[in-house]
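This report examines the strand pairing in one structure. The sequence and the coordinates are shown below.

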Amino acid sequence: MAEQKKLCITVTCVNVKKIDLKAYGIKKALCMVKVKVGDKEVKTTIQAGLDPTWEETFEFDIVDEKATKCSAIFYMGEGEDQKQIGDECEYLIPELKIGKPVYKALIIPGGKVDMMMTAWGFGKEEEDVDPAGFMGLMDSGDGMMMMDSDEEEEEKK
């Protein structure tokens with residue numbers, strides 16, 4: 001049986017300390033994030049301040065990651081005065097790495113919302129990266145750096 005496809009999104013925090021509340025007609029600095037994946041929609045709790053921390057995790061069942069839309073929207077204000085701040089941002093979930101949390105941001109006027117997204121049962125395999133790969137330009141092929149004397153010996157051949 002194939003592993004069930006799931007997307008876990010953790011909304012960690014927001015920082016909108018540079019926002020002009022009066023310009024948006026916001027009376028109280030109350031923040032909330034709405035996350036939509038496919039036809040399921042969830043909201044974080046409403047937190048006070050310009051830099052609240054949520055650390056709230058939401059799980060979504062995924063049927064077809066290529067056809068499933070994932071987006072986030074940031075809101076500020078209270079009750080009926082609550083207003084969307086910035087644009088709704090969409091994320092490409094097929095590009096996530098399998099089982100590895102990936103940082104995603106929702107850029108909003110005056111700051112950003114931080115999130116971590118983890119794909120389970122879908123996404124890209126993580127590539128193994130050789131930590132010494134940057135030394136490849138200086139590699140002589142046998143795993144060691146060439147010395148000036150080595151170059152002279154190769155020229156004589």
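Which residue of strand 5 does C13 stand opposite? The residue opposite C13 in strand 5 is T53. The structure under discussion is a predicted model.

**Pairing of strand 1 with strand 5**

Strand 5 comprises residues 53-61 and pairs with strand 1 in the antiparallel sense, over 7 bridges. Besides the position of C13 opposite T53, V11 stands opposite E56 of strand 5.

**Pairing of strand 1 with strand 9**

Strand 1 also pairs with strand 9, which spans residues 111-120. This pairing is likewise antiparallel and runs over 9 bridges. Within it, C8 has T118 of strand 9 as its bridge partner.

**Burial of strand 1**

Strand 1 covers residues 6-15, a stretch of 10 residues. Because 7 of the 10 are buried, strand 1 is largely enclosed by the rest of the structure. Burial here denotes a relative accessible area under 20%. As a general point, side chains in a regular strand alternate between the two faces of the sheet.

Note on methods
Residues are numbered from 1 along each chain as its sequence is written. This is a predicted model: local features need pLDDT of at least 70, side-chain atom pairs count only at pLDDT 80 or more; totals for chains, interfaces and linings use all residues. Side-chain values use heavy atoms; hydrogens and water are left out. Buried means under 20% relative accessible area, exposed over 50%, partly exposed in between (1.4 Å probe, protein chains only). Helices (H or I, at least four residues) and strands (E, at least two) are DSSP runs, numbered from the N terminus. Two strands pair if DSSP finds at least two bridges between them.
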